[in-house]
Amino acid sequence: MPDLPAPDLFTIDLLRNYLLVGAALFALGMLGFLSRRNLIVMFLSAEMMLQGTALSLVGFGRYHGNWTGQVFTIVILTVAACEASIAMALVVVLYNRRSSLDVTLWQDIREATVGVATIDEAAEAEPIEAVPGIESYPQLTPAGVEPAHPVQSWTERRR
């Protein structure tokens, strides 16, 4: 009789180890994101948080004996790759403008109507009172200056 392979014993103790390492990666990434002002370090910290989440999903998938965690991890890695490419393009553009990667130097990139929020302003903010009658919706800040519209349509300019 041939020897059968041993059953895969992925116990709760092994799952706990996966979850502890995943939680440690996520916590270190969150700490790095919140405490650093360098844009590259902030993006690397966000990547570390994604990897901690992916490790936890793989651990749960292995514990339950299905492929769901691995599939979600592939999706997370795809999103992380897209985020890294966009982040690198953003870093290059902003570094060419300021010659620095310090996030606080880029406050003037904001729209003119949006002020710099500080902790004191947030603490002194008054609560919004409900207006009786017709339901009111919040007003969003404009995204930028609307470009001038051409007089001719695009089909006429194309000729």
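Helix α1 covers residues 12-35, and at 1.5 Å a residue its 24 residues should span 34 Å; the end C-alpha atoms lie 34 Å apart, which agrees. The expected span is 1.5 Å times one less than the number of residues. Helices here are DSSP runs (H or I, at least four residues), numbered from the N terminus.

This is a predicted model, in which local features need pLDDT of at least 70, side-chain atom pairs count only at pLDDT 80 or more, and totals for chains, interfaces and linings use all residues. Residues are numbered from 1 along each chain as its sequence is written, and side-chain values use heavy atoms, with hydrogens and water left out.

| Item | Value for α1 and α2 |
|---|---|
| Packing angle | about 165° |
| Distance between axes | 7 Å |

Axes are lines fitted to C-alpha atoms over the stretch in contact, and angles run from 0 to 180 degrees between N-to-C directions. The packing angle makes α1 roughly antiparallel to α2, a term for angles over 145 degrees.

Leu 15 is found in helix α1 and is buried, with a relative accessible area of 3%. Leu 15 touches Phe 10, Gly 59, Phe 60 and Tyr 63 (heavy atoms within 4.5 Å), not counting residues up to four places away in sequence. Leu 15 and Ser 56 are 41 residues apart in sequence, and their C-alpha atoms are 8.5 Å apart in space.

Terms used: Helices (H or I, at least four residues) and strands (E, at least two) are DSSP runs, numbered from the N terminus. Angles under 35 degrees count as roughly parallel, over 145 as roughly antiparallel, 65 to 115 as roughly perpendicular and the rest as oblique. Buried means under 20% relative accessible area, exposed over 50%, partly exposed in between (1.4 Å probe, protein chains only).
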